[in-house]
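Please look over the structure below with these notes in hand.

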Amino acid sequence: MFPVIFLPFLLLLQLLLPLPASVLSLIKLGLVESDPLLVELCLRALTDARALGKCTTDEIQLVNVSSGCGTLPEAFVVSLNQNQSASLGTVHVGELYFHQKVQAFVGSRCAEEARELGRLAYFWRVPVINRVGTSVGLLRRELFTTVVHVTDTNVYGMAQAAAQFIRSMNQTEILLVGPSQIDIEKPPLWKSLQQIFAEGFNGTQLAGLNVTGVAVVDQNSVDSLTNARLRLRSATKMVLIDGTFVRLGSMLNSLQIGNLGSQSYMVLLLCSVQLEACINGTDSQQSSLLRAQIAAGSVVVLSPFNFEWEQQQQKLASDYGSQGFVSRHFLQALSTYNGCFAFCLASSLSPATSWTSDPSQPPFSANMRGQSFNGSFGQVQLDATPVSMPQFAFHLLSSPSGAFSLAYLASSVPSDSSSCAALGCFLIRLASNASAGLVWANQRDHGISECSYTDECAGTTAPYVAAAVAVTLLVLSAGICYGVQRKKRLDVYRMHWRIARNQLKVIENKQSKGKATGLGQEGAWSKRRQLQAYALIGTNKAEFIALRQIKSISWEKTDLRFIFELKRLNHDNLTTFMGISYNEGDRFYMCHSLVERGTLEDYINDFDFQLDNTFRSAFLRDILKKKAMFLVSSGFSLVHSPERD
């Protein structure tokens, strides 16, 4: 027996000695990112925060998974981004939560995935650090209460900055121009801006801006480009162009933006990334076209801005790679580092055990309101939402080969909680710079001539007639190729999966209880399922899910792509999705092929089922068949050779 007198000394020794790693609490942090540079930056942020005493004492294990963001070359991305799938990152997030028990997430850089994660996080009651600020839907705090937004661009702040700038030019009407293409990583800005301008700015002096129209342009369609070019020549003097177009230089050149300045139009180009990445991009030819159009049309460029970014880019380039890569992806790197640092800070303000409390008042996000921190790449200030407070700049370019000059600086200041808007608790303050007097010096005092957008002026129609002839010749020469490509593109939206209600007949079996019969001693060969009801679609039997339909359903493009891919799935071990019947009556039917001999679930749940010889032989044959297919696809030869004996 150990003497009792030594017990206090043992307790003191236990307190002095460090606890083994297995005893310390472990926090699993999920990062939806596969880029090695960004994963390394997140780890560095966690290390920096801990070194500065801005992190929990618990051990943090970073678990990263890939997202559905695509990386197709620009020539293919223009069409549809078919290699992108927002469901991929969402599936990986679900695997992290349910199987690896991840307790918090740093979200995807893809807007669609970030939105899905934010929705799931509310029901899972887990905190999320959001890195995407270009989609207005993500910023609604009443919907995403468990989310902390740490981004270096913010569409609500950009809308405020643009509105203040437009009002300073004595304009109240706006024409928006934006792309029709879908890109889950970089959603169009114009949709969010249109919504923000319509809702106003929480009753501030910036309310009252009127969006007179939206020119949505399909870069694959010559007709769309022609219509947009004519649409720009209207009575609305202020034109806002969404800079998320693929091949932005070619786009502005096709729209003849350089000619608008001479006709007294005011053109504002909105970039969601810093000026250098927006203008230079990855293609020198596109950059030259873009600079030429900006200079010729007196276009003002609005972009995220920080005086420290140039130094920070050089630091990233020296630490992690080439200057070109860092320049194009700088804001992604910055938001990743700051997001992981912010997680560390939040984990030190509220214990992990409190994160699963009421999602309407989560302590993780509540304690981050108004917080600030200084990492390796400067200071980050959060407002009362919490959202990182952005800063923007308005730039001028006098000549295509010249340098951009700073005309206005738009800085954000926190607003009191009583005047917070639904999208943020900050206001933008506009300050002029030395070049402010050069902004649209010729356009301010001149109105739009009516002949700029009508056919009443002599000589006005001649360029359009010539353009129409050129377009006609171009369409005729490229008609066959374009038609084939367009058919492939639009095949997603033709709804081949829709089932007419008169083609679907529901057969009810009132004696059935929905169980499978024929198992047990008789074996799998006699198994038959007895269903309460099934459907006949032509001569095919189908299982269905029936729901009550209250109102008419209108599918989004993302939904149509998902159902199209679901219809294309075909595998021997999966039931086949047959289609959906909707908007015909008060019932919504989703149908898939009927498995009459029982599903895998029926076999698993039937404890009386015994493996007879027939089932064993069939099961073994399937295994050998799949194994042989794998070996052949891997380059192995299955032909017997004497030399191998």
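1. Start with a term: a residue is buried when its relative accessible area is under 20%. The model here is predicted. Cys42 has a relative accessible area of 0%, so Cys42 is buried. Cys340 also comes out at 0% and is buried.

2. How many disulfides does a search of the whole structure find? There are 3. A disulfide is a covalent bond between the sulfur atoms of two cysteines.

3. Take Cys42 and Cys340. A disulfide joins them, with 1.9 Å from S to S. Cys42 sits in helix α2 and Cys340 in helix α14, so find both helices; the pair links distant parts of the chain, 298 residues apart. The torsion about the S-S bond is about -100°, so this disulfide is left-handed.

4. Next come Cys55 and Cys344, joined at an S to S distance of 2.0 Å. Cys55 lies in the loop between α2 and β2, and Cys344 in helix α14, so this pair ties together parts that are 289 residues apart in sequence. The S-S torsion is about -60°, which makes the link left-handed. Both cysteines, Cys55 and Cys344, are buried.

5. A disulfide also joins Cys271 to Cys278, with 2.0 Å from S to S. Its torsion is -50°, and the link is left-handed. Cys271 and Cys278 are both buried.

6. Cys591 is buried too, because its relative accessibility is 1%.

7. Now turn to the surface. Val465, Val469, Leu473 and Leu476 make a nonpolar patch of about 420 Å². Leu473 belongs to helix α16, residues 461-477. Is Leu473 buried or exposed? Its relative accessibility is 55%, so Leu473 counts as exposed.

Methods:
Residues are numbered from 1 along each chain as its sequence is written. This is a predicted model: local features need pLDDT of at least 70, side-chain atom pairs count only at pLDDT 80 or more; totals for chains, interfaces and linings use all residues. Side-chain values use heavy atoms; hydrogens and water are left out. Patches are made of residues with over 30% relative accessible area and no salt bridge: like charges are joined within 9 Å, nonpolar side chains (Val, Leu, Ile, Met, Phe, Trp, Tyr) within 5 Å. Accessible areas come from the Shrake-Rupley method with a 1.4 Å probe; for residues, only the protein chains shown count as cover. A salt bridge is a side-chain nitrogen of Lys or Arg within 4 Å of a carboxyl oxygen of Asp or Glu. Helices (H or I, at least four residues) and strands (E, at least two) are DSSP runs, numbered from the N terminus. Buried means under 20% relative accessible area, exposed over 50%, partly exposed in between (1.4 Å probe, protein chains only). A disulfide is a pair of cysteine sulfur atoms within 2.5 Å.
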